[in-house]
Amino acid sequence: MASLYLHIPFCEKKCIYCDFYSIENSSPMEEFLSALHVEIDAYAEFGKQESFETIFFGGGTPSLLSPQQLESILSHLHHTYSIESDAEITVETNPGTVTREKLTAYRTLGVNRLSIGIQSFHEDELRFLSRIHDSAQALDCIRSAREAGFDNLSIDLIYALPDQTKERWEANLQKAVALSPNHISAYGLIVEDNTPLSRMVRSRLVSPKPPDEEAEFYEMTMSYLDAHGFEHYEVSNYAKPGFRSRHNYNYWKHENYLSFGPSAHSFRREAGESRRWFNIANLSHYCSALQEGRLPLLTEERLSLSQLRTERILLGLRSDGLDVKRLDSELPSSTTSRVQMIHDLVEAGSATFDGNVLRLTQKGYLICDEICARLM
Ligand code: SF4
């Protein structure tokens, strides 16, 4: 099964921690949409080869799209590609950009899942992150989404902010769970290079939490969400039974995905080889390439068997388990020392192994990067 991703590269205002490609000025929206339609056509051949079971609008802020703009993209996708009738269609939603009317229109167009970027319910934390919404708008967004008929809602939260106490993080978790979302993504704050946050850290205006303190927040998150019925199915993702993100799951299972928009990247397993290609992360170059009849590619890579294998290990361990049998049959390797490593992980309580699938425990998730490095 394959997935489609569309990167909508506009935000009302950049958040201090964000390194995703987007610009603050959305006046080139129509020019972007024209280019996007050309790019959708450019890969029409793939539409004849497989069917797509998820569509994900990410960004940037896709909830800046008017219902008419979203409709024109969706109808073009349906016209060009074979989309499953029960496809998961997600729109990343910024609470500061939607009304109940807009969400009702999205739902009518077939969008069936919202991933809502709430991040925190504390006003000072939202201001620190430079989010455009406040806590009341976040609650309004959830209420409006339910009134609009959405029954598959995901909430994004960020923990381990510089001055955040565990009590305040627990209050965020409590509020999130009380809203009964089907899915929660909880990320530790990362100081990405070339962001305002990284400059603040360099100038010693803020100090990131030390790793062991961040790990305590992470442990708290895992325990709290587990106690409230959420399955921890990826390092940062938790879902009620039946509500895992099918789109992200396809990424983690190494399924094909086709992506559109500046900075988007695609992956495809083809006979004998796999390749990944990346679009340029610049809106005006993206638009001009497509206007001139060129693909807006930045780079393309062919993946060797051993690269694929490495990725499969990383993706499997970070999500709900590495299917060792499938790995060995699809991507064979001559390495034999892994058997001992699996034994050691299970002995140490960092993983479970049922003979097929190696799955990290809570203890293992805490040292996931270290385990991946050892296994590779
Ligand atoms: S709204 Fe999302 S994509 Fe835009 S700057 Fe903030 S975190 Fe990044």
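Guide: Ser263 sits in the loop between strand 9 (257–260) and strand 10 (265–270); strands here are DSSP runs of E with at least two residues, helices are runs of H or I with at least four, and both are numbered from the N terminus. This is a predicted model, in which local features need pLDDT of at least 70, side-chain atom pairs count only at pLDDT 80 or more, and totals for chains, interfaces and linings use all residues. Residues are numbered from 1 along each chain as its sequence is written.

Visitor: Is Ser263 buried or exposed? And what is its phi?

Guide: Ser263 counts as buried because it has 21 C-beta neighbours inside 10 Å; the cut-offs are 20 or more other C-beta atoms within 10 Å for buried, 12 or fewer for exposed, and partly exposed in between, with C-beta atoms placed from the backbone. Its phi is near 75 degrees, which is a positive value in a residue other than glycine.

Visitor: What about Gln119, where is that one?

Guide: Gln119 is found in strand 4 (residues 113–119), and it has a positive phi of about 70 degrees although it is not a glycine. Gln119 is buried, with 26 other C-beta atoms within 10 Å.

Visitor: Which peptide bond is cis, Gly59 to Gly60 or something else?

Guide: The bond from Gly59 to Gly60 is cis, with omega near 20 degrees, and Gly60 lies in the loop between strand 2 (51–59) and helix 3 (67–80).

Visitor: Changing topic, how is the chain divided into domains?

Guide: There is a domain 1 (2–251) and a domain 2 (306–375), with bounds that come from an automatic or database domain assignment. Their centres, taken over C-alpha atoms, are separated by 28 Å.

Visitor: How many residues are in contact between domain 1 and domain 2?

Guide: 7 residues of domain 1 are in contact with 7 residues of domain 2, contact being defined by C-beta atoms, placed from the backbone, that lie within 7 Å. On the domain 1 side, helix 9 (211–227) and strand 7 (231–234) are the elements that give two or more residues, and helix 9 gives the most, with 4 residues. That side of domain 1 divides into 5 nonpolar, no polar and 2 charged residues.

Visitor: What about the largest nonpolar core, which residues touch the most other members?

Guide: Of its 82 residues, Leu4, Ile55, Ala145, Leu157 and Ile184 touch the most other members. Domain 1 and domain 2 both give residues to this core, so it lies between them. A nonpolar core here is a set of buried Ala, Val, Leu, Ile, Met, Phe, Trp, Tyr and Cys residues joined through C-beta atoms within 7 Å.

Visitor: And what does Ile55 touch?

Guide: Not counting residues up to four places away in sequence, Ile55 touches Leu4, Leu77, Ile83, Ala87 and Ile89.

Visitor: Where is Arg312, and what is it in contact with?

Guide: Arg312 has its place in helix 12 (residues 305–318) and is partly exposed, with 19 other C-beta atoms within 10 Å. Leaving aside neighbours within four places in sequence, Arg312 is in contact with His254, Leu327 and Leu331.

Visitor: Last one, what is Phe243 in contact with?

Guide: With neighbours within four places in sequence again left aside, Phe243 is in contact with Asn152, Asn182 and His183. Phe243 lies in the loop between strand 8 (237–239) and helix 10 (246–252), and it is partly exposed, with 19 other C-beta atoms within 10 Å.

Methods
Contact = placed C-beta atoms within 7 Å. Nonpolar A, V, L, I, M, F, W, Y, C, P; charged D, E, K, R; others polar.
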